Structures are given as C-alpha cells and as structure tokens.
Amino acid sequence: MQNSVALEAKQLAVFYGEKQVVYDVSLKFPANQITALIGASGSGKSTVLRSLNRMNDDVATVKGEINFHGLNINEPKVNVYRVRQQIGMVFQQPTPFPLSIYENVIYGLRLAGEKNKEVLDQRVEESLRQAALWDEVKDQLKESALALSGGQQQRLCIARTLAVRPEIILMDEPTSALDPVSTSQIEDTLVQLKEKFTIIMVTHNMQQASRSADWTAFMHQGHLVEFDKTANIFMNPQEQKTADYLSGKFG
Ligand SMILES: Nc1ncnc2c1ncn2[C@@H]1O[C@H](COP(=O)(O)OP(=O)(O)OP(=O)(O)O)[C@@H](O)[C@H]1O
Ligand SMILES: [Mg+2]
C-alpha cells in the first residue's frame with residue numbers, strides 16, 4: 001500500500017543573499033515513513049531540511065511551495081510558530097537546556113501556556129517513553145538534564161520535540177555526535193516513532209540511511225538527483241551520479 005503524502009516541497013529554490021544553493025527541488029515525503037536526505041557536504045541537505053519548517057526565514061530566501069494539509073506554509077502570512085509546532089526539529093548536537101529533565105521535556109508546552117500538572121506529568125511520561133528514555137530517567141526527573149550522557153541528551157531532545165505532538169520531525173544528522181551504541185539506540189527509536197510520526201532526516205552515515213530509512217533522496221550541488229525507496233537507491237540507482245557518490249567517487 002502506498003503511504004499518503006505528509007509534506008510536499010514543490011520547486012524549492014533557496015538563496016543566501018544573491019547566491020542560489022538549492023535548485024528546483026520537488027519532493028513528496030510519505031507519511032509514517034523515514035526519509036533520508038543524503039549527499040556530499042555543501043549539497044544543500046540542511047538548507048532544504050530547514051526550509052521545510054521555516055527555520056531559514058532569517059538567513060535565506062526560500063522560493064517555491066511547501067504544502068502541508070493543503071496549505072502552502074511557505075506563504076509569508078502563515079503562522080511560523082504553529083508550523084514549527086507541527087513540524088518539529090532535532091539538531092545535530094544535543095541541546096538540553098540547563099533545567100531538570102522534566103522541565104526540558106515540557107519546555108514547549110509551558111511556552112504554549114499549559115499549566116495543568118496532570119497534563120504535564122502525563123506528557124513527560126508519554127514523550128520519554130516514545131523517545132526510549134523513560135526507564136533510564138524515571139527516578140531522576142527533577143535532576144539536571146546536563147548530567148545525562150550525550151546519547152541520553154539527544155533522546156531527551158527528541159522527547160522535547162515529541163512533547164508538543166508534532167506530525168513531522170526533521171532531524172539534521174541526529175547521531176553524528178554520538179557513539180555507536182547511542183546511535184543504534186536512536187535508530188531503533190526512530191523506527192518505533194514512524195508509527196506515529198513522519199521523519200525526515202539528514203545523514204552522512206550511509207549505513208544509517210540503509211538501515212533506518214524507507215525512502216532516500218540524493219542531493220548533489222543543490223539539485224535533487226534521485227528519490228526512491230532506499231533499497232532501490234542503494235542497490236539499483238538510476239543515475240550515474242548516485243552510483244558514483246555511493247561508491248565513494250566523491251563526497
Ligand atoms: N547561513 C548561510 N549563509 C550563507 N551560505 C550558507 C549558509 N548556510 C549554508 N550556506 C551554503 O549553502 C550551501 C549548502 O549548505 P548546506 O549547509 O545546506 O549543505 P549540507 O548538504 O547540509 O552540507 P553538510 O553535509 O556539510 O552539512 C553551501 O554552499 C553552504 O556554504
Ligand atoms: Mg548540513
């Protein structure tokens with residue numbers, strides 16, 4: 001069965017000042033699947049990812065459409081705060097705030113004005129469970145998040161993103177700062193998460209893409225070269241550039 005489309009980028013073009021770095025990228029991200037964005041350094045992966053929830057607003061000009069539930073969220077009049085609540089982001093470096101584990105998880109809910117302790121308690125447990133961190137931290141929720149290991153901090157940041165119940169989660173190299181054990185824990189978590197969320201992930205780790213992603217998009221010098229099921233991209237790429245990149249000829 002074909003998954004429905006959760007988010008669509010249509011003819012995306014991105015400029016930093018005069019310099020164009022993304023050209024005519026059109027991509028339909030399937031719902032409840034993991035899509036990996038791969039490609040050499042500087043190929044525009046992070047730029048595309050950050051455009052999807054308007055994170056580039058202050059630094060770049062983004063042309064084209066980003067369609068989400070029938071609405072082009074790249075229109076200036078769209079409420080960016082709401083967009084980022086529905087399309088969350090997890091960064092490369094774990095970025096816990098110098099607060100307790102509990103307060104880190106509900107940070108976004110507090111900003112949104114939620115005060116009901118039952119709701120907050122429930123959301124903390126739900127989000128930490130979804131991020132596969134609950135069992136490790138349930139007895140130390142009031143302790144500082146900064147005392148956690150790097151891998152735990154990154155799962156905490158995932159929990160913090162999940163706590164506002166987004167539909168889509170964008171991740172920019174979420175495991176590149178982590179050791180192999182933490183990396184594999186996060187990969188396992190992602191596979192669980194796709195039952196409820198749609199995940200779009202930039203990764204430099206080809207094994208990670210082939211292990212975790214259902215779909216893979218290969219970018220080269222700001223262009224989308226190929227987008228297909230991950231197995232097809234890795235086993236039977238249709239474009240010579242994709243084959244060259246995967247065989248290590250550049251990048
Ligand atoms: N804030 C910025 N201002 C100006 N140019 C930028 C900015 N961010 C990125 N660029 C340029 O845009 C191009 C694409 O960069 P981007 O960060 O999207 O690539 P990437 O594929 O994510 O690379 P990497 O794998 O190294 O993270 C590069 O030429 C980069 O120098
Ligand atoms: Mg990048």
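Predicted model: local features only at pLDDT ≥ 70, side-chain atom pairs only at ≥ 80, totals over all residues.
Residues are numbered from 1 along each chain as its sequence is written, chains are lettered from A and ligands numbered from 1 in the order in which they are written, and side-chain values use heavy atoms, with hydrogens and water left out.

**View 1. Asp 57 pairs with Arg 54 in a salt bridge.** A salt bridge here is a side-chain nitrogen of Lys or Arg within 4 Å of a carboxyl oxygen of Asp or Glu; the structure holds 9 of them. In this one, the closest N and O atoms are 3.0 Å apart. Arg 54 is buried at 7% relative accessible area, while Asp 57 is partly exposed at 34% (buried is under 20%, exposed over 50%, partly exposed in between; 1.4 Å probe, protein chains only).

**View 2. Lys 117 meets Asp 121 in helix H5.** Their closest N and O atoms are 2.8 Å apart. The two residues sit 4 apart in H5 (residues 117-130), so about one helical turn separates them; helices (H or I, at least four residues) are DSSP runs numbered from the N terminus. Lys 117 is exposed at 56%, and Asp 121 is partly exposed at 30%.

**View 3. Glu 125 forms a salt bridge with Arg 129.** Here the closest N and O atoms lie 2.8 Å apart. Both residues belong to helix H5, 4 residues and about one turn apart. Glu 125 is partly exposed, with a relative accessible area of 30%.
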